[in-house]
Amino acid sequence: MMQQAATASAFVMPGGLAPCIPPLLDALGWRGSDMHLAEAMPHLTGDVDLSDLLNVMANLKFGSRSLETDMQALDPRMLPCLFVDADGHALVLVKSDVSSLLAFDSDTRAYQEIQPDTRTGTAFFFDQVDSRGHSLYRPQQGWFRKVMNRFAKTLRHGLLISFLLSVLALTMPLFVMTIYDQMPFFHNNRTLAYIVTGVLVFILSDFGLRLIRSGILSFIGARMGNIVGNEVFRRILYLPPAYTESASIGAQASRIKDFDTVRDFFSGQAFVALLDIPFILLLVLAMWVLGGSVVFVPLAAIALFGVMAIIYMPLVKRTNEQVAKVGAARQELVMEMLTKMRGIKLTSTPVKWEDRYRQLSAECAANSYRAAQLASQINVLTNTFIMGAGVSTMAVSVHNVLAQQMTMGALVACMILVWRILAPLRSGFVVMLQVERISKSIGQVDRLMNLDIEQHTESLLTFNKQLQGRCPSHRFPSAT
């Protein structure tokens, strides 16, 4: 008869599958305290279901894997495990001998010896996760980069779709060039019908790929916002009071809200343009093949965008810093006023606070005006460059057509390509102006995650270890 000693706990477990957690942890060799278990449990919930149980085990640094099997097919070496049969009845299979299993029944909340039978279900096996790399209880260097590595495969899919969209962008100019150059040689409408069918396939393919890429980027933005928001909030909760009490509530709220810019960047059009920029070279190469010297027009526009970025980026950076600084000060004043309203009334100083707020509002409005003016200048210049590039492309193309260096169809194709090149280039210029703000937000996240927390409770967690060894081969000398 096998026996198992259950560890008494003062922590009251909820219903559902929650009674299976302490026996499962005990079988896995976990030796934490009731505080660790209480922190890992879901709060403000009723009965614990299977998803909650797996989340609790993940919070306690146990990874899980599932296997559809029957009880008789379980190898004793794979125990302990959680076995949930087809009816939802859960058993913690602790260990096995030749003919019986020691199991904890979630219904009776007691250990019992059972015979393996043919009931089918899902077995969940748990392994301790190495938490030395990512852990709430340790400073995290380069935390945001590690999070981004989790989306590396998804980002590669987004880049592949952007490449396919760039290839499809070459299809429409080629169709148009074919119609302009080959129309006199069309003897019937069948060839034109084939071209129209190809155009429809192109439109549908472009729509489908853009829809898929939008879904991918929306997923990255949502997951990024969830991960960053949760981890930042958890980190702030575990920081020593000296880190949080030195800053006002308004400043802390402003910093947390600033992290939303990271999420908005990955889910917005700016990141889409960033994915399209590497493949502009493909469109430029196609324009060089079709138009020859016409390609120097978009290249000159790209150079002008680069010069404008060098000039305006420091101005935009300085203006954004001033707007953020004054805006944070105004928000801090509002939060301070709301938290000290009783004292303001008792001291009869509403007029003083109103003057302070009016001064900060005036500064904020002036800085916002300067930022808006700067953004308007950038918008006007980018539109001027794009329109100038379009007109220049038309002029150079007409000259080449008159010189019989290119066909009329190639002229129309080059006009389509130049707009396709300059559109993401303009969006990419906007991205360049946002790089400083995004990098600042990412730097704040990394610095926060690299701070040391107040309690190192993870260092108190221990696990039972199986010791292995061998007897020495020498003999002790006999007593004489």
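This report describes the strands, helices, nonpolar cores and aromatic pairs of a predicted model.

Strand 2 (residues 81-85) runs antiparallel to strand 3 and is joined to it by 4 bridges, with Phe 83 having Leu 91 of strand 3 as its bridge partner. In the hairpin that these two strands form, 4 residues lie between the strands, and Gly 88 takes a positive phi near 90 degrees.

Strand 3 is also joined to strand 4 (residues 101-105) by 5 bridges, and this pair again runs antiparallel. Leu 93 stands opposite Ala 103 of strand 4, and the hairpin of strand 3 and strand 4 has 4 residues between the strands.

## The largest nonpolar core

The largest nonpolar core holds 36 residues, of which Met 287, Met 406 and Leu 422 touch the most other members. Helix 6 (171-182), helix 12 (280-291), helix 13 (296-339), helix 15 and helix 16 (408-449) each supply at least two residues of this core, and the largest share, 12 residues, comes from helix 16. When residues up to four places away in sequence are not counted, Leu 422 touches Ala 301, Ile 386 and Ala 389.

Asn 400 lies in helix 15, which covers residues 350-402. Because its relative accessibility is 3%, Asn 400 counts as buried. With its neighbours within four places in sequence left aside, Asn 400 is in contact with Gly 291, Ser 293, Val 294, Gln 405 and Met 406, and Met 406 is also one of the residues that touch the most other members of the largest nonpolar core.

## Aromatic pairs

Across the whole structure, a search finds 4 aromatic pairs. In one of them, the rings of Phe 104 and Tyr 111 have their centres 5.3 Å apart and their planes at 70 degrees, so the pair is edge-to-face. Phe 104 counts as buried at 7% relative accessibility, whereas Tyr 111 is partly exposed, with a relative accessible area of 24%.

The rings of Phe 151 and Phe 219 have their centres 6.4 Å apart, and because their planes stand at 70 degrees, this pair is edge-to-face. Phe 151 lies in the loop between helix 4 (143-149) and helix 5 (152-169), while Phe 219 lies in helix 7 (residues 190-238), so the pair ties together parts that are 68 residues apart in sequence.

## Cysteines

The structure holds 0 disulfides. Cys 20 counts as buried at 0% relative accessibility, and Cys 414 likewise counts as buried at 0% relative accessibility.

Technical notes:
Residues numbered from 1 in each chain as written. Predicted model: local features only at pLDDT ≥ 70, side-chain atom pairs only at ≥ 80, totals over all residues. Heavy atoms only, no water. Buried < 20%, exposed > 50% of the residue type's maximum accessible area, 1.4 Å probe, protein only. Contact = heavy atoms within 4.5 Å. Core = buried A, V, L, I, M, F, W, Y, C linked by side-chain atoms within 4.5 Å. Pairing = 2+ DSSP bridges. Disulfide = S-S within 2.5 Å. Phe/Tyr/Trp six-rings, centres within 6.5 Å; stacked < 30°, edge-to-face > 60°.
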